[in-house]
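Keep the viewer open as you read.

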Amino acid sequence: MEMNMRLSRNEMRGKAQTVLGLVDPATLGQTLMHEHLIWDVTRPSRRDASTKGGPDPHDYWKLMTGGIADPRNTTQRDRGLAAREAARIVEAGGGTIVELTIGGLVPDPEGLVEVSRESGAQIVMGCGHYVNDYQDLDNSQRTIDSFAQEMIDQVQLGAWGTQIRAGIVGEIGCQWPWTDLEKRVLAAAVVAQRETGAALTIHPARHQDHPWILVEFLKEQGADLPRTIIDHIDRTIFDDDRLFCLADSGVVLEWDLFGQENTYYAHADIDMPNDGMRIQTIRRLIDRGHLRQIVISHDICHVIRLAEFGGHGYAHIQQKVLPLMRKRGYSDDEINAIMIDNPRRLLTFV
Ligand SMILES: [Zn+2]
């Protein structure tokens, strides 16, 4: 096997990096900023169960509302299936998928290369580690420096034992209460952001004050806030005071649960908005001048959400959400900012 060369900051500046290599950011097109194509979100303690064949679509409602925790639903390792699903966004006019399956979620960089070649979708891969309870036990002893060097290498050299490089840092995982290990990983992710010029994307804890706690931590660590994305706003913040305060900090806000139309959220006692409500909330932020701080996605990590299993699939935003935005008065410029310009800015190395 040949040695991989380290890309310098200068070589990367002004470009985006997909699993196939550096690209002109103008080629990214409409971009989904938070997805999973090949993943395992099964709790590590339950990973021995068979996942063959996928979940039974007859269990759709129970799977969607948390009535069944089926490892066949929380695991997707089939590259062919991922390619067929990704091809749907290309047919619908989309161009790029940001794939955030990282440490703890069983990343498959070579699989993503195959999926990109077969589907025609560009794929930008994340790096770093997901929440505490999914991390390798060895991580508990590791230092900030060790995590930082690992993420820098994943961007500049290659990730998870391959020569395939990451194009964004994250989704860095946090749970509630926020653990020391997770704080070390996030501090390291900020170092990696500063060293590589990549954007940083963060999975906040399921607590309405955690995004603000994150902002204070990120400021202390010297993060580039306009190039830092707080994910899963849909399931985290439910009032405008917190929302506007967060937006005023300059971070990017991500509504990445589009297509989840479900009140009965399995992971927390919250009132999950539906797509119409998401669009209304984003409207209030745009009217307040925050258009450049908004990105959207589906965060598909359950098989039952894939089109072949009766779900909405990765083209849902193109097929359903963007037309709804137009009907609700969004202009083409606003939609292009959310779908093309903001992702392009974030995915371009600085
Ligand atoms: Zn995710």
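Which side chain makes a polar contact with the side chain of His203? The model is predicted, and in it the partner is the side chain of Glu171, at 3.1 Å.

## Around His203

His203 sits in strand E9, which covers residues 200-203. Is His203 buried or exposed? Its relative accessibility is 4%, and buried means under 20%, so His203 counts as buried.

Leaving aside neighbours within four places in sequence, the contacts of His203 include Tyr130, Val131, Ile172, Asp231 and Arg235.

## The open sheet

Five strands form an open sheet in the order E8-E9-E10-E11-E12, with parallel pairing. The edges are strand E8 (169-173) and strand E12 (294-296); each has a single partner strand, so one side of each has no neighbour in the sheet. On average, neighbouring strands of this sheet are turned by 25 degrees against each other, direction ignored.

Trp255 has Ile296 in E12 as its bridge partner. Helix H7 lies across E8, E9 and strand E10 (228-230), and runs at about 165 degrees to E8.

## The nonpolar cores

How many residues are in the largest nonpolar core? It has 88, and those with the most contacts inside it are Leu37, Met151, Val169, Leu186 and Trp255. Helix H7 (residues 180-196) gives the largest share of this core, with eight residues. A second, separate core has 14 residues, including Ala16, Leu28, Leu100 and Val295.

Apart from neighbours within four places in sequence, Val169 is in contact with residues including Cys127, Met151, Val155, Ala189, Ala192 and Leu200.

## Helix H6

At 1.5 Å a residue, its 13 residues should span 18 Å, and the end C-alpha atoms are 18 Å apart, which agrees.

The buried residues of H6 include Phe147, Ala148, Met151, Ile152 and Val155, and also Asp153, Gln154 and Gln156. Among the elements that cover the buried residues of H6 are helix H1 (9-12), strand E1 (16-18), E8 and H7. Just after H6, Gly158 takes a positive phi of about 150 degrees.

## Backbone points to check

Most residues other than glycine have a negative phi, and most peptide bonds are trans. Here are the places in this model to compare with that rule.

Which residues are joined by a cis peptide bond with omega of about 10 degrees? They are Gly170 and Glu171, and Glu171 lies in strand E8. Another cis peptide bond joins Trp176 and Pro177, with omega of about 0 degrees; Pro177 lies in the loop between E8 and H7.

Two non-glycine residues are also worth a look. Trp160, in the loop between H6 and E8, has a positive phi of about 55 degrees and is partly exposed, with a relative accessible area of 29%. His232 has a positive phi of about 55 degrees and lies in the loop between E10 and helix H9 (240-248). With a relative accessible area of 3%, His232 is buried.

Conventions
Residues are numbered from 1 along each chain as its sequence is written. This is a predicted model: local features need pLDDT of at least 70, side-chain atom pairs count only at pLDDT 80 or more; totals for chains, interfaces and linings use all residues. Side-chain values use heavy atoms; hydrogens and water are left out. A nonpolar core is a set of buried Ala, Val, Leu, Ile, Met, Phe, Trp, Tyr and Cys residues joined through side-chain atoms within 4.5 Å. Buried means under 20% relative accessible area, exposed over 50%, partly exposed in between (1.4 Å probe, protein chains only). Helices (H or I, at least four residues) and strands (E, at least two) are DSSP runs, numbered from the N terminus. Contact means heavy atoms within 4.5 Å. A polar contact is a pair of N or O atoms within 3.5 Å; within protein, one must be able to donate a hydrogen and the other to accept it, and residues adjacent in sequence count only if both atoms are side-chain atoms. Two strands pair if DSSP finds at least two bridges between them. Axes are lines fitted to C-alpha atoms, for helices over the stretch in contact, and angles run from 0 to 180 degrees between N-to-C directions. The expected span of a helix is 1.5 Å times one less than its number of residues.
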